[in-house]
Amino acid sequence: MRAVRTSRRRLVISAGAAVAALGLITGCTAGDTGTSSEPTNNTDNEASGDTVVIGFSGPAADHGWLGAINSAALAEAEKYDDIELKVAEGTNDANLQISQIETFINDDVDAIVLLPTDGAALTDVAIKAMEAGIPVINVDREFSSPFAARVTVLGDNYGMGVSAGTFICEQFGGTDAVVAEIAGIDSLPLTQDRSRGFADALDDCGLEVSNRVAADFTVAGGEAAASQLLAAAPQIDALWNHDDDQGVGVMAALDAAGRDEMLMVGGAGSKNAMDMIKADNTVLKATIIYPSTQAADGIRLARLVAQAKAMADLVEVDVPTRIVLNAPVVTKDNVDQYLPTAFTS
């Protein structure tokens, strides 16, 4: 257990930085100071403890979901007077992000919350931090070694596909419906997992993807991919678009082509999408949550780990090594429940 700092809380943000996400976890303290190496199972996690210095690094906020990741993490840290947050400038340059983590190591922070621009590329420096006694909380994009993180917090990409496919099966199971899919970046494991889950769920009710194109999580990419899809498929009964940011472009292409015959399902959980679902006046009838709370959850988990605390709702006296968040379906019937945590595309 690393010694926990007792300095006054400060918020330190590198030039140009933006930070991430929303919250998780109430739990049990390790005693009055929160510094015991053997946590005990009481319920005072929210009580102020010794100051924990947390370094946060994530990709550039060039996407609505990533912007929400960053802002929510910052907001979460602000809730605790025993967190001193050091924030590296968001970047999509893996080498720059590696240097940011090396700076955190040299600064001897108590914990690092890292959403890597490339999990494999950041693995070695994360291992270096762990070997220096600094617990690393890996967010969203996994490292390639189990030794690189104390805790991994993930959205459920495969589960997103399952949720989307299950919803479509509920509407069209037992028919010969034409199902289409607009994926994200095909080279990413997360996209592959989403498509695999979607195909598996459809197969369970006798459906399959008839037409599939890939985009790039951007508005322009979504519009271009959707235009290509619509030209190839004169009839679509159900469409799953992996990402609500690119969904803005998808909806523009549908409107331009006058295609309103289908039921559309989105992905990630943007406010824009939820507002349309609530209004119930477009083809978009559902979206699948991919939580933008992951880095905020990482902030809370880093605090618990550094203060030798655990999670109150578990009997286990240590924070788990892996936490996979849920991928629920948002429809007009439950949209109000999810709107408070929606992000703006």
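Student: What is the strand order of the open sheet of six strands?

Tutor: In this predicted model, the order is S8-S7-S9-S10-S11-S13, and the pairing is mixed.

Student: What makes S8 and S13 stand at the edges?

Tutor: Strand S8 (209–214) and strand S13 (329–330) each have a single partner strand, so one side of each is left without a neighbour in the sheet.

Student: Which strands does H4 lie across, and at what angle to S10 does H4 run?

Tutor: H4 lies across strand S7 (179–183), strand S9 (238–241), strand S10 (263–268), S11 and S13. Its direction is at about 165 degrees to S10. Helix H6 (residues 219–232) also packs on the sheet, where H6 touches S7, S8 and S9 and makes about 150 degrees with the direction of S8.

Student: Why is H2 called roughly parallel to H3?

Tutor: The axes of helix H2 (residues 94–106) and helix H3 (residues 123–131) cross at roughly 5 degrees and come within 9 Å. Angles under 35 degrees count as roughly parallel, so H2 is roughly parallel to H3.

Student: Which residues of H2 and H3 meet?

Tutor: From H2 there are Ile98, Ile101, Glu102 and Ile105; from H3 there are Val125, Lys128 and Ala129. By class, this contact of H2 with H3 has five nonpolar, no polar and two charged residues.

Student: What makes one space a cavity and another a pocket?

Tutor: In a cavity a 1.4 Å probe fits but cannot get out, whereas a pocket is open. The structure holds one cavity of 30 Å³ or more, and the volume of the largest cavity is about 50 Å³. Among its 13 lining residues, Asp244, Gly247, Val248, Ala273 and Leu284 lie nearest the centre. H7 gives the most to this cavity lining, with four residues.

Student: How many residues line the largest pocket, and which lie nearest its centre?

Tutor: The lining has 34 residues, with Asp140, Arg141, Leu188, Leu190 and Phe217 nearest the centre. The space in the largest pocket is about 890 Å³. Its lining divides into 14 nonpolar, eight polar and twelve charged residues, and H5 gives the most to that lining, with four residues.

Methods
Residues are numbered from 1 along each chain as its sequence is written. This is a predicted model: local features need pLDDT of at least 70, side-chain atom pairs count only at pLDDT 80 or more; totals for chains, interfaces and linings use all residues. Side-chain values use heavy atoms; hydrogens and water are left out. On a 1 Å grid over the protein atoms alone, a cavity is a set of points where a 1.4 Å probe fits but cannot get out, and a pocket is an open set with protein on both sides within 12 Å along at least five of seven lines; lining residues have an atom within 4 Å of a point. Grid points are joined across faces, edges and corners, and a volume is the space filled by probe spheres set on the points. Helices (H or I, at least four residues) and strands (E, at least two) are DSSP runs, numbered from the N terminus. Ala, Val, Leu, Ile, Met, Phe, Trp, Tyr, Cys and Pro count as nonpolar, Asp, Glu, Lys and Arg as charged, and the others, Gly among them, as polar. Two strands pair if DSSP finds at least two bridges between them. Contact means heavy atoms within 4.5 Å. Axes are lines fitted to C-alpha atoms, for helices over the stretch in contact, and angles run from 0 to 180 degrees between N-to-C directions. Angles under 35 degrees count as roughly parallel, over 145 as roughly antiparallel, 65 to 115 as roughly perpendicular and the rest as oblique.
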